[in-house]
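Visitor: I am new to protein structures and would like a short tour of this one. Could you show it to me and take my questions?

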Amino acid sequence: MQITNVTCPTSKYSIKCPYEMTPQGICVHNTANDASAMSEISYMLGNNNKTSFHAAVDNERVVTGLPFNRNAWHSGDGGNGKGNRTQIAIEICYSKSGGERFEEAENLAACYIAYLLKQSGWGIEKVSKHQDYSNKYCPHRTLDLGWERFLNKIREQLGLQTQPVEEKDYSGGSDEPVRTYVNGSTIENIYADTSLTKKIGYLNPRESCDCFGIFNGRPMVRYKVDGSSNYKIGFAKWTGGVK
Ligand SMILES: [Zn+2]
């Protein structure tokens with residue numbers, strides 16, 4: 001595992017990490033961006049925004065940018081929030097577009113988190129997500145793909161038994177949608193299959209419809225065909241619409 005440490009100039013401490021901290025856990029984020037770990041850290045240290053994190057992980061390396069004995073502004077829970085004041089913040093890169101390099105980044109992040117847990121003598125319960133502190137849907141793609149699934153990657157690294165991943169049972173034929181899908185500002189094509197090989201329709205910009213969950217990373221939606229009362233069920237590509 002390649003770990004690159006970038007030093008935050010002490011002149012920036014007052015903006016990026018003003019408080020001393022004894023870390024009490026690890027908080028996981030997704031960047032919602034397609035930049036590399038080095039770019040994320042360079043950008044974070046280069047600007048004067050009160051947004052910061054300790055490390056970013058992509059498919060090739062871990063890059064740290066802040067000392068772990070100082071706080072970071074990452075979890076949206078205020079100046080005295082547990083997230084902002086006690087957690088080591090780790091960003092997983094390439095979550096905007098996802099795909100193979102994101103999955104590799106998640107795998108490397110799991111390795112790195114397992115390493116940090118071992119180093120501190122912590123258990124898996126010390127791993128939290130941004131959403132735990134401020135209701136922001138972050139780490140968005142890791143959550144879409146399954147939080148317990150991600151924890152299992154860490155458990156595997158620690159030699160712990162993995163936990164069953166929760167899967168909804170649709171065998172009863174329930175037609176209750178579990179979520180809503182709200183399309184973004186562009187037309188979203190809908191496909192018959194999760195490999196997106198057969199296009200069967202589309203959603204208009206901002207159109208909302210029912211969503212039954214995410215399968216193979218594809219949101220399964222039930223939508224009305226334009227200008228009719230006919231419903232179709234298919235798979236969208238953009239996971240950001242799942243609410
Ligand atoms: Zn976050």
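Visitor: Which residues touch the most other members in the largest nonpolar core?

Guide: This is a predicted model, where local features need pLDDT of at least 70 and side-chain atom pairs count only at pLDDT 80 or more, while totals for chains, interfaces and linings use all residues. Residues are numbered from 1 along each chain as its sequence is written. A nonpolar core is a set of buried Ala, Val, Leu, Ile, Met, Phe, Trp, Tyr and Cys residues joined through C-beta atoms within 7 Å, and the largest one here has 37 residues, of which those touching the most other members are Ile 26, Ala 56, Val 57, Ile 90, Ala 105, Ala 109 and Ile 113.

Visitor: Which element gives the most to this core?

Guide: Helices (H or I, at least four residues) and strands (E, at least two) are DSSP runs, numbered from the N terminus. Elements that give two or more residues to the core include β2 (25-30), α2 (37-46) and α4 (100-120). With 10 residues, the top contributor is α4.

Visitor: How many residues are in the second, separate core?

Guide: Among its members are Ile 190, Cys 209, Val 221 and Ala 236. In soluble globular proteins, nonpolar side chains tend to be buried together. The count for this second core is 12 residues.

Visitor: In β4, which residue is the bridge partner of Ile 3?

Guide: β1 pairs with β4 (residues 62-64) in the parallel sense, over three bridges. Within β4, the partner of Ile 3 is Val 62.

Visitor: Is Arg 206 buried or exposed?

Guide: Arg 206 sits in the loop between β9 (199-203) and β10 (208-215). A residue is buried if 20 or more other C-beta atoms, placed from the backbone, lie within 10 Å of its own, exposed if 12 or fewer, and partly exposed in between. Arg 206 has 11 such atoms within 10 Å, so this residue is exposed.

Visitor: How many Å separate the centres of domain 1 and domain 2?

Guide: Domain bounds come from an automatic or database domain assignment, which gives domain 1 (3-158) and domain 2 (179-241). Taken over C-alpha atoms, the separation of their centres is 31 Å.

Terms used
Pairing = 2+ DSSP bridges.
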